Amino acid sequence: MNDITSMDLVALQELMSSYGESAFRAKQLFEWLHHKMIWDYNEMTNLSQAFREKIKRDFPIPQMKIVKKYTSKLDGTIKYLFELQDSHIIEGVLMRYKHGNSLCISSQVGCKMGCKFCASTIGGLIRNLSAGEMLGQVYKVQQDIGERISNIVMMGSGEPLERLDITMQFIHLINSKLGQNIGQRHITLSTCGIVPAIYKLADEMVQITLAVSLHAPSDERRKSIMPIAHKYSVTELLEACKYYTQKTNRRITFEYALIEGQNDTAEDARDVGKLLDGLLCHVNLIPVNQVEEREYKSSHTSSIEKFIKILNSYGIETTLRRKLGADIDAACGQLRNRYIKERGE
Ligand code: SAH
């Protein structure tokens, strides 16, 4: 690995010793990168000039920049487009709540999971992001707004459990006391349901919130909108979720995008109620965001209300995702698609 922004303190210490520098220098470098968020060796003035010249040559810091920003006049939500060192575009969303700033970040450029209603997957997977590129989104936005981000949601483009190793690197770095020190309980990871990785994540004994994209109660229905359902059954998925709650004692969030005529009937709601009965969880309903390239429509308000009532009757806490930034609306991955189209790709 030669991406210095993805290295933990131990890796930096090893690197420093290979240069004949002390472990203390590794701590200084780590603090520059992850506490002060300075990604320019020239500014790291407590490291010697000679050393900076060497490391600059051997480990250039991959740069990223904000190329577009859309601010909602309604609630201050900001959608960001970032350009990576290799000119790929990713997106993130800053949501401002009374309890603090929450940033939704991307974990991959594009996505290969193929969910039928999702815009991020239209061009397939281009590449994974490094842990440093996930951190970079957080640092850039903090610098842009001049405020701390207190919550991270890994719900932007990409499937964060496809490369659990990179995702864990990111979680440990953003959680580091020498860096931004964002508590694990303030991090949510959303997955379409990669079962073996859910077990592995549970075994890591992290305290993050796991959000699972359920979107339908039966294998047949799930398969019609989410290709991953061909690989893992709903039963297998729920067993893994149960294991996660037992290991971590953390409540799982099930995301459920309500799509007219696809998964929003009273019967669907009852099936979800039965399925999740007794599990430490809560359901977050999302009226599906309409994507130009897809024909799916959001459910009617009356179906949504009925759905909530039925889930509540099963004792399942249910929330409806508040629509933020309605005036700059763009579903997951849409802004990026539009931008790269305009750029002529
Ligand atoms: N790959 C992960 C995380 C990225 S998507 C996952 O599948 O969970 C984050 C959430 O947004 C998922 O629940 C996803 O199904 C949902 N989503 C994607 N496109 C959407 C759309 N057009 N409308 C509503 N929700 C959508």
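These legends accompany several close-up views of a predicted model. Residues are numbered from 1 along each chain as its sequence is written, and side-chain values use heavy atoms, with hydrogens and water left out. Because this is a predicted model, local features need pLDDT of at least 70 and side-chain atom pairs count only at pLDDT 80 or more, while totals for chains, interfaces and linings use all residues.

View 1. The protein chain is divided into domain 1 (4–58) and domain 2 (65–342), with bounds that come from an automatic or database domain assignment. Taken over C-alpha atoms, the centres of the two domains are 34 Å apart. Across the boundary, 14 residues of domain 1 are in contact with 14 residues of domain 2, where contact means heavy atoms within 4.5 Å. Together the two domains bury about 1100 Å², and 61% of that area is on carbon and sulfur atoms. (Buried area is the accessible area, with a 1.4 Å probe, that two parts lose on being put together, summed over both.) Look on the domain 1 side for Ser6, His34 and Met37, which lose the most area to domain 2 and together make up 50% of what that side buries.

**View 2. The largest nonpolar core.** This core has 102 residues, and those with the most contacts inside it are Ile4, Leu29, Phe170, Leu201, Phe254 and Leu276. Domain 1 (4–58) and domain 2 (65–342) both give residues to the core, so it lies between them. A nonpolar core here is a set of buried Ala, Val, Leu, Ile, Met, Phe, Trp, Tyr and Cys residues joined through side-chain atoms within 4.5 Å. Buried means under 20% relative accessible area, exposed over 50%, and partly exposed in between (1.4 Å probe, protein chains only). In soluble globular proteins, nonpolar side chains tend to be buried together.

**View 3. Helix H1 and its two sides.** Helices (H or I, at least four residues) and strands (E, at least two) are DSSP runs, numbered from the N terminus. In H1, Leu12, Leu15 and Met16 are buried. Seen down the axis of H1, these buried residues fall within an arc of 100 degrees, so they line one face of the helix; the arc is that of the directions from the helix axis to the C-beta atoms. Their cover includes helix H2 (23–34) and helix H3 (49–58). On the other side of H1 you will find the exposed residues Val10, Glu14 and Ser18. Alanine 11 also belongs to H1 (residues 9–18), and alanine 11 is partly exposed, with a relative accessible area of 22%. Just after H1 comes glycine 20, with a positive phi of about 75 degrees.

**View 4. Helix H8 and its buried side.** The 15 residues of H8 (residues 234–248) should span 21 Å at 1.5 Å a residue, and the end C-alpha atoms are 21 Å apart, which agrees. (The expected span is 1.5 Å times one less than the number of residues.) Val234, Leu237, Leu238, Ala240, Cys241, Tyr244, Thr245 and Thr248 are the buried residues of H8. They cover an arc of only 155 degrees around the axis, which puts them on the same side of H8. Turned away from that side is the face with the exposed residues Thr235 and Gln246. Among the elements covering the buried residues are helix H6 (195–203), strand S9 (209–213), helix H7 (219–225), strand S10 (252–258) and helix H9 (266–276).

**View 5. Tyrosine 244 and leucine 201.** Tyrosine 244 sits in helix H8 and counts as buried at 0% relative accessibility. Leucine 201 is 43 residues away from tyrosine 244 in sequence but 7.8 Å away in space, C-alpha to C-alpha. Not counting residues up to four places away in sequence, tyrosine 244 touches residues including Ile198, Leu201, Ala202 and Asn249. With the neighbours in sequence left out up to four places away, leucine 201 touches Tyr244 and others, including Leu161, Met168 and Leu189.

**View 6. Two asparagines with positive phi.** Most residues other than glycine have a negative phi. Asparagine 249, in the loop between H8 and S10, has a positive phi of about 65 degrees and counts as exposed at 65% relative accessibility. Asparagine 181 has a positive phi of about 55 degrees and lies in the loop between helix H5 (164–175) and strand S8 (187–191). At 37% relative accessibility, asparagine 181 counts as partly exposed.
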